[in-house]
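Dear colleague,

Please find below the structure that I am handing over to you. My notes on what was found in it follow.

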Amino acid sequence: MQGLELDEFLQNNNLTDDEWGRSKAEWDVLQAIAAHHDERKKALNTAAEAIASHIQTFKGVHSVRWRVKDTQHLLEKIVRKKLDPQRNRSYTNINAENYTRIVTDLIGVRALHLFKDDSINIDRQIQDSWDCTESVIYTRRGDSISPELKQAVGKSKEHPKGYRSVHYIIKTKPQKFQMFAEIQVRTLFEEGWSEIDHTVRYPNFSDNAEVEFFLGIFNVLAGNADLMGSFVKLLAESSDKAQVQHAEALFERDEAVRRLENMLGDLEEARNDNDRYRDVNAKLKRQIAKLKSPADAKGLPAYESYMDSLHSGRPIGVGPSVNAMLVGAFGNNYKSLLRAQKLATPVLDSLRQLGFAMPPDEIRPDQEGGDDTN
C-alpha cells in the first residue's frame, strides 16, 4: 500500500469520484488502517492456517480454502459500507484502532462438503471448537432448510442474489490480540456457482439483465445437483440395506431348509416309534408355519419389491425428505419424469440408468398419468 495514491485506488477498485465523495471516507484514515493491516498480516496468516488445518479434520469436510483479506479489498469494502451509513452504522467512525472489531472477515476460511446434510455435523464441530459470535444460513428463495440445521444455527436469511452458504463469525486468540474470522460452509456445487457468479459480476459489479437471468438458471441447476446428490446417496444406502436384508433372508432360508431336511430324516427314523414320530411331526409343522410367517420371510419380499419399484420408475420407501428433494428438483412430483420423455437431458438419462425412470419405449399408457399425491 505504500505509495498508493487515491486516484489509483479508486481506479483499481471501480469506485467513482461521486461514490468516494458520498462515502465521506478520509484517505489518511484509510491509509492508517492499511498500514496496521499490513503489519498484522503475518499473524493473520498463521491464525488462518491453523483454523483451516483444524477444520480439515472435521468429519464431512471435503476440502478447505483460506485467505487473509487483501489490503486494497479491505479499504474498498470500508468505502462501499460507508456509502450506506443507515445500514452499516458501525462503519461511520471506523479507524485504525477499531477496524479489527468491525471488519470480521479479515480472516476467511471456506469449508466445502459433498452432501447437504454434512453441514449438520460440520456445524456441531465448529460450535464445539470456537466461540461463535454470529451464525446465519443464506438461502435462495424457495430453498428448504433442514430443521436440525435451522435449530442449530438459529438464523436464516434469503439472499437477494441466490447465494447459498452457512456463515459463522468466530473469536480466536492465538496470540496476544483477539482475532475474528469468518467461516463459510457450503457444498461443492454451491462453491462452483458462487465462484462463477463472483467472477462474472465482481469486476464491474455487473447488473446486466441477461447475465442475471442465466446466472439464476445456473443457480437453480446447482441447487438441483445438490438435491440429486443427496437423493443418489440415500438411494445407494437403501440399496445396500436391501441387499443386506436379501443376503440375511437367503441365509435364513438355507438354514430353514437344512433344519427341514434334518427333521425329515428324524421322521423317517421315528416311523416305528409313535411318540417320537408325533414329536418330530409337531416340530416339522411348527417349522413350516414359521416359514409361512411374513415376519420370518421379510427379507426376500422386501428386496424383490424394492428392485421392482426401481424398474417400474416408482421407488418405494424413500420417505418424505427424498420426495421433497425430487419435488424441488423436478416440479410438482417426481412422476413427472415419466411424462417428460421428450426431454433427452443428461439428468434424465442418468436417472434412467439408475433404474429410477424407464426408457420411453417401456412406459405403458396407464403409467403416464394418475394420482400425483404419492
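How many salt bridges does the structure hold? It holds 16 salt bridges, a salt bridge being a side-chain nitrogen of Lys or Arg within 4 Å of a carboxyl oxygen of Asp or Glu. Please note that this is a predicted model, in which local features need pLDDT of at least 70, side-chain atom pairs count only at pLDDT 80 or more, and totals for chains, interfaces and linings use all residues. Residues are numbered from 1 along each chain as its sequence is written, and side-chain values use heavy atoms, with hydrogens and water left out.

Arg 65 belongs to strand β1 (residues 63-68) and Glu 195 to helix α8 (residues 188-201), so the pair ties together parts that are 130 residues apart in sequence. Helices (H or I, at least four residues) and strands (E, at least two) are DSSP runs, numbered from the N terminus.

Arg 65 is partly exposed at 42% relative accessibility, as is Glu 195 at 29%. Here buried means under 20% relative accessible area, exposed over 50%, and partly exposed in between (1.4 Å probe, protein chains only).

A further salt bridge pairs Glu 191 with Arg 186, where the closest N and O atoms are 2.6 Å apart. Glu 191 is buried at 5%, and Arg 186 is buried at 1%. Arg 65, Arg 110, Arg 186, Glu 191 and Glu 195 are linked in a network of salt bridges.

With kind regards
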